[in-house]
Amino acid sequence: MKMNSQKTISKLEIIKNQISEQEIRAGQKKGSVKLIAVSKTKPMNQIEPVIEEGQSHFGENKVQEAALKWQEFKKKNKTIDLHLLGPLQSNKVKKVFGLFDYIHSLDRNSLAEKISDEAQKKGFCPKIFIQVNTGLEEQKAGIEPEKLNDFIKSIRKSLDLNIVGLMCIPPINDAAETHFKFLKKLADENGLLELSMGMSSDYVAAIKCGATYVRVGTAIFGLRH
Ligand SMILES: *Cc1c(COP(=O)(O)O)cnc(C)c1O
């Protein structure tokens with residue numbers, strides 16, 4: 001970009017360019033990696049300019065916050081796809097339906113059953129990622145990797161859920177790529193096609209390892225307070 005260029009390139013554009021470049025390098029089709037703009041804690045007046053730039057996938061961590069920000073907005077903007085990235089309590093499942101299009105944090109049987117029950121009542125189901133605690137961190141949500149295959153088997157056998165892939169958040173101090181490659185291997189073993197991995201600091205590495213959804217907040221919206 002020229003120093004004296006009138007139009008400055010936005011943060012969103014920078015990231016989209018990076019993603020396109022990685023898609024080409026990895027020999028993947030253009031648009032095969034989806035960018036989720038993580039708008040948690042940010043008010044709608046900071047989110048709307050990003051929508052006007054053409055962004056359609058957004059991520060939130062909390063059901064309550066998302067309902068306040070997006071419930072009405074989504075009725076008028078049908079092209080928005082909303083992703084729940086944070087942990088989900090069973091008593092909030094009802095609220096998720098009709099608000100979120102994707103859930104990234106399924107990690108236990110009781111929750112799977114709740115979602116399945118609600119899906120039967122409503123006649124539709126959000127797309128679901130199973131969160132895997134690849135770093136075996138006590139404070140982190142996600143199913144333990146060694147329990148994953150049985151969990152998926154039991155869901156496929158007895159529940160009617162739309163499981164599309166796996167999600168992970170690597171431990172802060174580990175090399176993220178080790179976890180991304182591990183998650184890819186687990187997805188392959190289970191015939192799952194989608195991988196939700198990579199944040200502001202490591203989404204490029206995640207795409208190299210096979211990410212199909214990257215979740216980027218800070219690099220688009222700036223620091224959170
Ligand atoms: C906040 C959050 C992100 C975005 O993180 P940044 O570092 O701001 O890009 C991605 N995924 C999850 C699960 C998050 O909670």
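Glu137 is buried, with a relative accessible area of 16% (buried denotes under 20% relative accessible area, exposed over 50%, and partly exposed the range in between, with a 1.4 Å probe and protein chains only). The structure is a predicted model, in which local features require pLDDT of at least 70 and side-chain atom pairs count only at pLDDT 80 or more, whereas totals for chains, interfaces and linings use all residues. Residues are numbered from 1 along each chain as its sequence is written, and side-chain values use heavy atoms, with hydrogens and water left out.

Glu137 forms a salt bridge with Lys140, with 2.8 Å between the closest N and O atoms; a salt bridge is defined by a side-chain nitrogen of Lys or Arg within 4 Å of a carboxyl oxygen of Asp or Glu. By this rule, the count is 13 salt bridges. Among them, Glu144 and Lys147 are joined through their side chains at an N to O distance of 3.5 Å. Glu144 is partly exposed, at 34% relative accessible area, and Lys147 is likewise classed as partly exposed, at 43%. A salt bridge also links Glu189 to Lys185, where the closest N and O atoms are 3.2 Å apart.

An N or O atom in the side chain of Ser200 lies 2.5 Å from a ligand oxygen atom. For Thr218, a polar side-chain atom is 2.5 Å from an oxygen atom of the ligand, and the side chain of Arg224 places an N or O atom 2.8 Å from a ligand oxygen. Taken alone, the ligand exposes 390 Å², of which the protein buries 90% (Shrake-Rupley method, 1.4 Å probe).

Methods
Polar contact = N/O pair within 3.5 Å; in protein donor to acceptor, adjacent residues only side chain to side chain.
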